Amino acid sequence: MGADASNMDTQLATTRPLRKVRDRFGEILLAQGIINENQLEEAVKLQKTKRKKLGVLLIELGYCGAEQVQRALAIQLGVDFVDVRGLEFTDEQLSLISSKFITSYKVLPYRRQNNRLYVVMSDPLDYSVIQSLELATDAIIQPLIGVEEDIKKVIYEHFGAKQTAEQLIADLGDDEDAVKEEEEADVNDAPVVRLVNSVLENAIREKASDIHIEPEEKQTCVRLRIDGRLHRAMTIPKQIQSAVISRLKIMGRMDIAEKRIPQDGKIKTRLDNRPIDIRVNTLPTVWGEKLVMRILDQSAALVPLEKLGFREDEKEVISKLIKAPNGIILVCGPTGSGKSTTLYSILSKVATSEINVTTVEDPVEYQMPGINQVNTNPKAGMTFASVLKSLMRQDPDVIMVGEIRDKETAEIAVQASLTGHLVISTIHTNDAPSTVSRLFHMGLEPFAVSAALIGVIAQRLLRRICEDCKEAVDITEEQMKLLKPYFGKETPTQIFKGKGCKICHNTGYKGRVGIYEIMMITPELREQIINRANTDKLRESAIKQGMKQLYDSGMLKVIDGITTIEEVFRTARSDA
């Protein structure tokens, strides 16, 4: 198992049973400098209403990471912490506990020494699991602490959906009779049903945003969009292409007999007790129906505003904007740039028991407690504009409109903002200054835009450098020229990149972070808007007043070691 395992063997020989809790959990994190007194106080106060563990709340608030919480818990309980990401678990090790117990209880057997079995688990105080394992293994269980998500990833690698799918494809591949028998089998145990379930689980576990099932001449390709880029996940034999597509159409409540026109559907499922919504769309192609699924993970969408990647100065501007009693805040960017996530994060910040918040969406993507969410339905006459008119009689304080698409919606949004409401919405423009021109093109008068608009947030998503394979590299002369305008003599001689590992699929990137261009509407900009100033003039004035462009924001994240120059060029170079 490598050097890490050898080091752990030495530690495990002296591991003591769980001791009585001596140090308070929060005090350990304070002593380590991970959190401060104000952050701890906020989490403790929140704990009284949310009834969650303190560590969970600190993670949700963005004050510390899961590993920091687990390491602090290990100190508190007097047990060893194990970073399972750096270990290779052999089949011999994993056979110490049945696969059913491993997958059900989310535990990893580390080693057995005489009658003592060392087991990595996220909650060493779960005595019901420990007792069950002792009965099943006839051993004394010695718990070790690991990060839950990391434990799940190891389990998934050895027992997960991808392995299930590969085995099922191997079994079904060239056997047409097996595919026919699938129609007569128990629907919950049929091979194609299990294959489809495996494909969906694999995508959700990999944190994919979309699944593409693409028919080709001799096979069907499954690709996953992870961190904004498509990756080939697996291929499905041509013989079962139709059965797989039909199964997904059934799950999405679509017409399986209709293959000539595009269709839309929706699948509701659960994974690890969290709800997952999947939007399904089919499109006829020359080799069969192509199917694309957008995964909407309720838990992944509700990201605290503090964790979106805003710099401190940007947080201050956002705070001023959302505290305004009225006006319009617009979030702009292309499809897939994270606009909806930003909207929901802003809503979670402003929504309190004293505020009436209502959203109008097409459709409602993520359900949020404490706010009123309305689906548009154009066929029934419920457009953005018509719903907004009705909302004005619902005594709202804050209104979120999924997207401003036309003049009528824009005019009602302006009217709502001028009558004492805070309106938050999205619009499709490339940067913040060009949003004003877009509103003019929709037909709004300059005085209306000037009076109603209080801020515009343009954004893009960049891939984060993978923390597991991150390394420092020397800056080239060309890179030095790019960075020097921002830092002068303080320009560092090294930046970071990911060299590629199994955690990041050898891409060097894992996860994404936002870069932002925030244009706060000042008196000077209002005057220019009234005078119909062009986009270049507005941009020049906004920059003079402190606005950083998307390219600038990206370069600052390069210096912070969060992303790479290549990512900034890929997403924001055209805006420089």
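This is a predicted model: local features need pLDDT of at least 70, side-chain atom pairs count only at pLDDT 80 or more; totals for chains, interfaces and linings use all residues.
## A three-stranded open sheet

Strands E1, E2 and E3 form an open sheet in the order E1-E2-E3, and the pairing within this sheet is mixed. Its edge strands are E1, which covers residues 108-113, and E3, which covers residues 140-145, each of them pairing on one side only. On average, and with direction ignored, neighbouring strands of this sheet are turned by 25° against each other.

Strand E2 (residues 116-121) pairs with E1 in the antiparallel sense, and five bridges join the two strands. As a general point, the strands of a sheet pair through backbone hydrogen bonds, either parallel or antiparallel.

## Serine 425 in strand E14

Serine 425 lies in strand E14, which runs over residues 422-427. Because its relative accessibility is 0%, and buried means under 20%, serine 425 counts as buried.

The surroundings of serine 425 can be described through its contacts: leaving aside residues up to four places away in sequence, it touches Ile329, Leu330, Val331, Leu343, Val401, Gly402, Glu403 and Ile404.

## Helix H24 and its cover

Helix H24 spans residues 550-559, and nine of its 10 residues are buried, so the helix is largely enclosed by the rest of the structure. The buried residues are Leu550, Tyr551, Asp552, Ser553, Gly554, Met555, Leu556, Lys557 and Val558.

Both helices and strands contribute to the cover over these buried residues, which includes helices H15 (312-322), H21 (477-487) and H25 (565-572) together with strands E15 (453-465), E17 (494-498) and E18 (509-520). Just after H24, glycine 561 takes a positive phi of about 80°.

A disulfide is a covalent bond between the sulfur atoms of two cysteines. The structure holds zero disulfides. Cysteine 501 is accordingly in no disulfide, and its nearest cysteine sulfur, which belongs to cysteine 504, is 3.8 Å away, whereas a disulfide is counted for sulfur atoms within 2.5 Å.

Cysteine 501 is buried, with a relative accessible area of 16%. Cysteine 64 is buried as well, with a relative accessible area of 8%.

How values were computed. Residues are numbered from 1 along each chain as its sequence is written. Side-chain values use heavy atoms; hydrogens and water are left out. Two strands pair if DSSP finds at least two bridges between them. Helices (H or I, at least four residues) and strands (E, at least two) are DSSP runs, numbered from the N terminus. Axes are lines fitted to C-alpha atoms, for helices over the stretch in contact, and angles run from 0 to 180 degrees between N-to-C directions. Buried means under 20% relative accessible area, exposed over 50%, partly exposed in between (1.4 Å probe, protein chains only). Contact means heavy atoms within 4.5 Å.
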